[in-house]
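Here is a friendly tour of the model you asked about. Take a look at the structure, then read on.

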Amino acid sequence: MSHNYEFDKPKDPVCAMTWLGIGFFFLGGVSYSVPFFPAGIFLGVGRGVVMPLPTATVFSLSQPRFRARNTNLAITAFQGGFFMGPILGGAALLHWDDRVLCRVGDRLVHGSGP
C-alpha cells in the first residue's frame with residue numbers, strides 16, 4: 001500500500017515558525033538550568049522542522065528539470081549563511097560597537113523612519 005505524505009505547504013511554515021517563536025520566548029525567560037533543557041528540546045524540535053521547509057518549498061515550486069539544481073543551490077545558500085554569518089558578525093563587532101549592529105537590525109526590522 002502506497003502512502004502519500006503531502007504536507008500543507010502554506011500552513012506548515014506558519015505552524016513551525018510559531019512553534020519556534022514560542023521556544024525562543026520560553027528560552028528567553030529561563031534563569032536557571034532546570035527549565036533550560038526542556039526549553040532547549042522544544043526549541044531544537046522547532047528548528048529541526050523549520051530548517052527543511054524552505055528547501056522543500058524550493059523543490060515543490062521548481063520545474064522538474066531544475067529541481068535538483070535549485071534544491072542544491074538552496075541548501076548551499078543556507079549552509080553558506082550559517083558559515084559566513086558568524087564570521088561577518090564577528091568581523092563587524094571587531095570594528096563597530098554592538099549598538100551599531102542593534103541599530104542596523106532595528107532598521108531592517110522596522111524600516112528607516114524619521
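## The salt bridge

Asp97 is partly exposed, at 34% relative accessible area, while Arg99 counts as exposed at 54% (buried is under 20%, exposed over 50%, partly exposed in between, with a 1.4 Å probe and protein chains only). Arg99 and Asp97 form a salt bridge, their closest N and O atoms being 2.5 Å apart; the term asks for a side-chain nitrogen of Lys or Arg within 4 Å of a carboxyl oxygen of Asp or Glu. The structure holds one salt bridge.

This is a predicted model, where local features need pLDDT of at least 70 and side-chain atom pairs count only at pLDDT 80 or more, while totals for chains, interfaces and linings use all residues. Residues are numbered from 1 along each chain as its sequence is written, and side-chain values use heavy atoms, leaving out hydrogens and water.

## Helix α4

Helix α4 covers residues 67-95 and spans 41 Å from first to last C-alpha, close to the 42 Å expected at 1.5 Å a residue for its 29 residues (helices are DSSP runs of H or I with at least four residues, numbered from the N terminus). A kink of about 30° sits at Met84, shortly before Pro86; the bend is the angle between axes fitted to the seven residues ending there and the seven starting there.

Thr71, Ala74 and Ala92 of α4 are buried. The cover over the buried residues of α4 includes α3 (52-61) and α5 (98-110).

Methods
Helix = DSSP H or I, 4+ residues; strand = E, 2+ residues; numbered from the N terminus. Expected span 1.5 Å × (residues − 1). Contact = heavy atoms within 4.5 Å.
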